[in-house]
Amino acid sequence: MSQRPSYAVGTGLFIVLGFAALAYLATQTTSVANIHQGSSYTVDAHFANIGQLKERAPVKIAGVRVGQVQSIVLDPASEVADVKLSIDQRYSKIPEDSVATIFTSGLLGDQYIGIQYGSSKNVVAAGGTLALTKPAQQLEEMLGKFFGAGGSADNLGGSYTVKARFTNVGALSAGAPVKMAGVAIGSVQSVKADPVKLDAYVVLAIDKKFSQIPDDSAAAVFTSGLIGTQYVAIQPGGSPEPLKNGDELVLTQSALQLEDLIGKFLVSGSPGDKKAAADDTKPAGKH
Amino acid sequence: MSAQPAQENVVTRSLTQIGACGLFLLTILAAVPRSFRHGRETVRQLWFVGAMSLTIIMVCGLFVGMVLGLQLYYVLSIFGGTAASGTVVAIAIYRELGPVVTALLFAGRAGTSITAEIGLMRATDQIAAMEMMAVDPIAYVVAPRFLAGVIAMPLLCCVFCALGIFGGHLVGVNWLGIDNGTFWSNMTATVDVWKDVVNGVLYKSLAFGAVVSLIAVFQGYTTAPTSEGVAYATTRTVVASSIAILAIDFVLTAFLM
């Protein structure tokens, strides 16, 4: 009766193994692994914009994790985000003029706070504040700066109009910039379909300052960047005669459709090309 | 009774089965306190459905993790995001693959043998003999197997998940060269102990363990007492368990998210 069955030991081992696996999953592979850290001290930092920074996001110095974001509170009085950083006690020699910046790991990664050492002899004390901060870079702002540069020229000096015909204007719309050498010199006044010639009839309003454009110049519909808006680019010709009000640009180049381009790319791209592309993108993920 | 030729239509038959299954669950639960007298029997079943299933669970967990690591590396390298593969391996395994694949394997490995064993007991009149001797077959045969299944499933699932993470790490870090530190730090930064481990691994696998064990003992207990009936019941255990696992998985995911 008191004899222990042979399977009891095995069953006990199975249960222990199961709980050991659970303990491993819970403590080593989850955020619990980041909670246990040595004694730490808290430093404040005020950011104008924290982007997608979350609590428990890492705080890094020279790319090495030294702590985490403890709390994020909006200060209603001054419209800044008060971020409390919990930093490991071992790293208590941070100069008080260090700069706290919100970075993004890789293109799609989470955001973290990077601290760049200043030169001050005084270290920031527990409960102190890092006065110098750089807010998170918003992708929209960066894109705006990148693509919006130029914009449409002001028409203070008056403008003159020239016409151009395109077989395809893509997504060109009235108000789009007209650029020469990448600089805006005017804007598209109207885009209409010609019922007789069955093509697009575009009227460009160009600033009077640019009255020396040769009359054999070419007009092309380009796209700014990959996802930017379309604009008309004027490529100057060599004729001595300048364009006059009401002239027509004869040489035109229509918009390239993204679908066509991708189609060409996919058809011509060999597996080797794709491999190279994948290798190129690799370092981005290693930030 | 269940091996009758199809006189009623499918809907009525399925509803009858589901209803009978639910009532059977109540009977088992009522018999659970009495089955504690046969604690040793429960331990023996735990050994049989749990410990004996460990090999297949561990091997399958390892391969599921490895194939995840491999697939994710190729997909994520397109976006330059291979560093995220640790996170994705862990979340995919904890939330879906771990509980579901473990439950499917469990239904195939342990559920069928429970059905066949109880079904043969029924076919060879052992259950009738127990009733004759005033031994409650629900408390002595059915409840220990049900309890063992409910206890074993979460434990097996934890082992599966641990091996899956190990497999993903093996392929991602050791073979394909993802940085070890990034692999773990991204994982620990994203995976949440409550949302992913407790909700995913524990709750789901508990529910699956109860459902698979219930279907297995129910099909065995209500089998037609013939060799053909036992064969039918075993097949139905696998089919019904698989459908129930995937359907309940959807419902649980919708509620636990």
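Of the 257 residues of chain B, 47% count as buried. Buried means that 20 or more other C-beta atoms, placed from the backbone, lie within 10 Å of the residue's own; exposed means 12 or fewer, and partly exposed lies in between. In chain A, buried residues make up 24% of 287. This is a predicted model: local features need pLDDT of at least 70, side-chain atom pairs count only at pLDDT 80 or more, and totals for chains, interfaces and linings use all residues. Residues are numbered from 1 along each chain as its sequence is written, with chains lettered from A and ligands numbered from 1 in the order in which they are written.

**Folds of the two chains**

- Chain B has nine helices and zero strands. Helices are DSSP runs of H or I with at least four residues, strands are runs of E with at least two, and both are numbered from the N terminus.
- From the N terminus on, chain B therefore reads α-α-α-α-α-α-α-α-α.
- Chain A has five helices and 16 strands.
- In chain B, 88% of the contacts with a separation of 6 or more join residues 24 or more positions apart. Two residues are in contact if their C-beta atoms, placed from the backbone, lie within 7 Å.
- In chain A, 65% of the contacts between residues at least 6 apart in sequence join residues at least 24 apart.

**Interface between the chains**

- The contact takes 33 residues from chain B and 30 residues from chain A.
- On the side of chain B that touches chain A, the elements giving two or more residues are α2 (39-49), α3 (54-78), α6 (137-175), α7 (180-190) and α8 (193-221) of chain B.
- The largest share of that side, seven residues, comes from α6(B).
- By class, the side of chain B that touches chain A has 22 nonpolar, six polar and five charged residues. Nonpolar covers Ala, Val, Leu, Ile, Met, Phe, Trp, Tyr, Cys and Pro; charged covers Asp, Glu, Lys and Arg; the others, Gly among them, are polar.
- The buried residues of α2(B) are B:Thr42, B:Gln45, B:Leu46, B:Trp47, B:Phe48 and B:Val49.
- These α2(B) residues pack against α1 (6-28) of chain A, together with α1 (10-35), α4 and α6 of chain B.

**Helix packing in chain B**

- Helix α4 (residues 85-123) of chain B packs with α6(B) at an angle of about 145°, with their axes 7 Å apart. Axes are lines fitted to C-alpha atoms, for helices over the stretch in contact, and angles run from 0 to 180 degrees between N-to-C directions.
- α4(B) passes α6(B) in a right-handed crossing. A crossing is left-handed if the near helix is turned anticlockwise from the far one by less than a right angle, and right-handed if clockwise.
- The contact of α4(B) with α6(B) has 20 nonpolar, eight polar and one charged residues.
- The axes of α6(B) and α8(B) come within 8 Å and cross at roughly 145°. This crossing of α6(B) and α8(B) is right-handed.
- The α6(B)–α8(B) contact includes B:Arg145, B:Phe146 and B:Gly149 of α6(B) and B:Ser205, B:Phe208 and B:Tyr221 of α8(B).
- Its residues divide into 18 nonpolar, four polar and one charged.

**UniProt annotation**

- An unreviewed UniProt entry places a "transmembrane region" at residues 7-26 of chain A. UniProt positions follow the numbering used here, feature names are shortened, and annotations may be inferred rather than shown by experiment.
- Over residues 7-26, chain A is 100% helix and 0% strand, with the end C-alpha atoms 29 Å apart.
- For chain B, the unreviewed UniProt entry gives the same feature name, "transmembrane region", at residues 15-34, 46-66, 72-94, 146-166, 201-221 and 233-256.
- Residues 46-66 of chain B are 81% helix and 0% strand. Residues 201-221 of chain B are 100% helix and 0% strand.

**Positive phi in chain A**

- Most residues other than glycine have a negative phi.
- A:Ala62 has a positive phi of about 55°. A:Ala62 is in the loop between β2 (58-61) and β3 (64-75) of chain A, and counts as exposed with 9 C-beta neighbours inside 10 Å.
- A:Leu198 has a positive phi of about 60°. A:Leu198 is in the loop between β11 (183-193) and β12 (200-207) of chain A, and is exposed with 8 other C-beta atoms within 10 Å.

**Confidence in chain A**

- The mean pLDDT of chain A is 77, and 77% of its residues reach 70 or more. pLDDT is the predictor's confidence in each residue, from 0 to 100.
- Over residues 149-156 of chain A the pLDDT is below 50, and this stretch has 16 contacts beyond near neighbours in sequence.
- pLDDT also stays under 50 over residues 270-287 of chain A, where the model has 19 contacts beyond four places in sequence.
- Where pLDDT is low, the predicted coordinates should not be read in detail.
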